[in-house]
Amino acid sequence: MIDVILKKGKEKAVLHRHPWVFSGAIEQVKGKAANGDIVRLMDAKGSFMAYGFYNDQSRVALRLLEWDETVEVNERWFREKVGVAVASRSNILTDGTTNTCRLIFSESDYLPGLIVDKYADHLAVQVLTSGIEKVLPVIIDELQLLLKPESIFDKSDASSRGHEGLETQNTVLAGNHPPDRVEVKENGISYNINIAEGQKSGFYCDQRDNRKIVASYAKGKKVLDCFSYTGGFTLNCLQNGAASVTAVDSSVLAIDTLKENIILNKFDTNKVTTIASDVNKQLRKFREDGDLFDIVILDPPKYAPSRSALDKASRAYKDLNRHGMLLLNSGGLLATFSCSGAMNMETFKQVLAWAALDAGKQVQFIHQFCQPEDHPVRASFPEGEYLKGLLCRVI
Ligand code: SAH
């Protein structure tokens with residue numbers, strides 16, 4: 001095994017069990033390690049610190065796996081990590097109302113660069129590091145042993161693969177090609193998922209709990225679901241007796257699937273208006289037309305891909321939320337989210353305060369949303385926390 005020597009003074013994060021070592025913190029690589037190899041990280045004095053995946057093409061040159069020198073990071077190690085992660089999702093899956101969730105969430109589940117989502121009896125995998133790519137056969141084998149899925153599909157089309165020198169994948173890893181439509185259940189509501197063609201791995205299961213919370217306010221209300229995708233919030237609100245829901249998304253495929261999902265659940269199609277359009281444009285149009293709502297949901301894509309983009313993103317979030325607030329009846333609710341890791345809750349609250357001021361509205365935060373248990377936040381890896389939201393009462 002190749003030894004990698006850490007620069008003096010860079011020990012702290014490693015000792016605190018942060019799983020990333022940036023290339024700038026590396027003093028020397030003793031020998032020739034191939035990308036994806038497991039190497040030994042040593043401090044400047046030559047003492048063992050951790051084992052990790054090596055990649056000289058990535059800004060994160062080492063992704064640490066194990067801090068105990070006596071534990072060998074072998075096939076059994078990976079099988080155990082997969083097993084622990086899968087077993088920890090049982091709380092979500094046991095009551096029968098939900099059969100889709102994230103089974104493995106990368107660093108947060110001690111497997112840097114591996115994401116596995118379950119869609120009923122099908123699995124979608126994203127491989128984002130060369131280290132995981134190398135041990136993928138073992139991981140696939142373990143998933144098959146544990147879950148006996150009908151298919152395992154590689155959805156590794158994330159742009160971050162480029163940073164690791166990996167090419168985009170979109171292939172069957174085990175079993176048959178998943179069907180065009182896989183029917184899954186979440187919170188007792190059915191959804192058609194297109195694993196191969198849908199966004200990300202097909203469904204945003206990170207909003208499961210938040211959909212339920214927002215829907216609990218929707219009975220008899222007029223709801224506007226912005227960035228609806230295939231209807232996560234829309235369907236939960238209908239299930240809970242919303243008087244009407246207007247869903248807006250720029251993706252025609254998402255809106256078409258949303259319409260299918262309304263029928264799949266036998267909800268009243270007369271209660272739903274779908275608009276395939278840019279949200280920013282549509283919000284202005286509602287305002288011109290004098291349309292008002294009781295609940296406005298804003299679940300935009302990631303506006304801040306990095307910390308350096310935060311200022312610009314904050315302005316975009318502010319503008320979006322200002323428009324959302326202006327479309328509410330007095331006392332109405334704004335359920336607003338940010339999935340940008342760079343935007344923390346404190347900054348998000350400031351953005352909302354700023355939007356309220358500009359809109360001439362008063363805002364109370366009545367609930368704080370976060371990511372669900374199948375997207376755990378590892379104490380030593382705060383970067384794994386990305387989804388946050390606020391339920392605001394607006395007058
Ligand atoms: N709320 C959804 C997930 C939203 S993901 C759910 O519960 O499943 C973000 C969505 O925003 C995607 O569906 C994407 O198509 C859509 N989108 C991105 N930019 C947009 C824009 N400018 N206007 C409208 N929709 C947009």
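Predicted model: local features only at pLDDT ≥ 70, side-chain atom pairs only at ≥ 80, totals over all residues.

1. The largest nonpolar core has 39 residues, and those that touch the most other members are Tyr119, Val214, Val223, Cys237, Ile297 and Phe337. Two or more residues of this core come from each of several elements, including helix 6 (208-215), strand 15 (244-249), helix 8 (252-264), strand 17 (293-298) and strand 18 (328-338), while helix 7 gives the largest share, four residues.

2. As to where this core sits in the chain's domain layout, residues are contributed both by domain 2 (75-182) and by domain 3 (204-394), so the core lies between the two.

3. Ile297 deserves a separate look, and here neighbours within four places in sequence are left aside: the residues in contact with Ile297 are Val214, Val223, Leu224, Asp225, Cys226, Phe233, Cys237, Ala335 and Phe337.

4. Apart from the core described above there is another one, made up of 33 residues, with Ala313, Met343, Met345 and Val351 among them.

5. Turning to the ligand, 16 residues are found around it, of which Arg211, Asp249, Asp278, Val279 and Asp299 come nearest. Oxygen atoms of the ligand lie 2.8 Å from a polar side-chain atom of Arg211 and 2.7 Å from a polar side-chain atom of Asp249, whereas for Ser250 it is a backbone N or O atom that lies 3.0 Å from a nitrogen atom of the ligand.

6. How much of the ligand's accessible area does the protein cover? On its own the ligand has 580 Å² of accessible area, and the protein covers 88% of this.

How values were computed. Residues numbered from 1 in each chain as written. Heavy atoms only, no water. Core = buried A, V, L, I, M, F, W, Y, C linked by side-chain atoms within 4.5 Å. Buried < 20%, exposed > 50% of the residue type's maximum accessible area, 1.4 Å probe, protein only. Domains from an automatic or database assignment. Contact = heavy atoms within 4.5 Å. Near = heavy atom within 4 Å. Polar contact = N/O pair within 3.5 Å; in protein donor to acceptor, adjacent residues only side chain to side chain. Areas by Shrake-Rupley, 256 points an atom, 1.4 Å probe, with all protein chains shown as cover.
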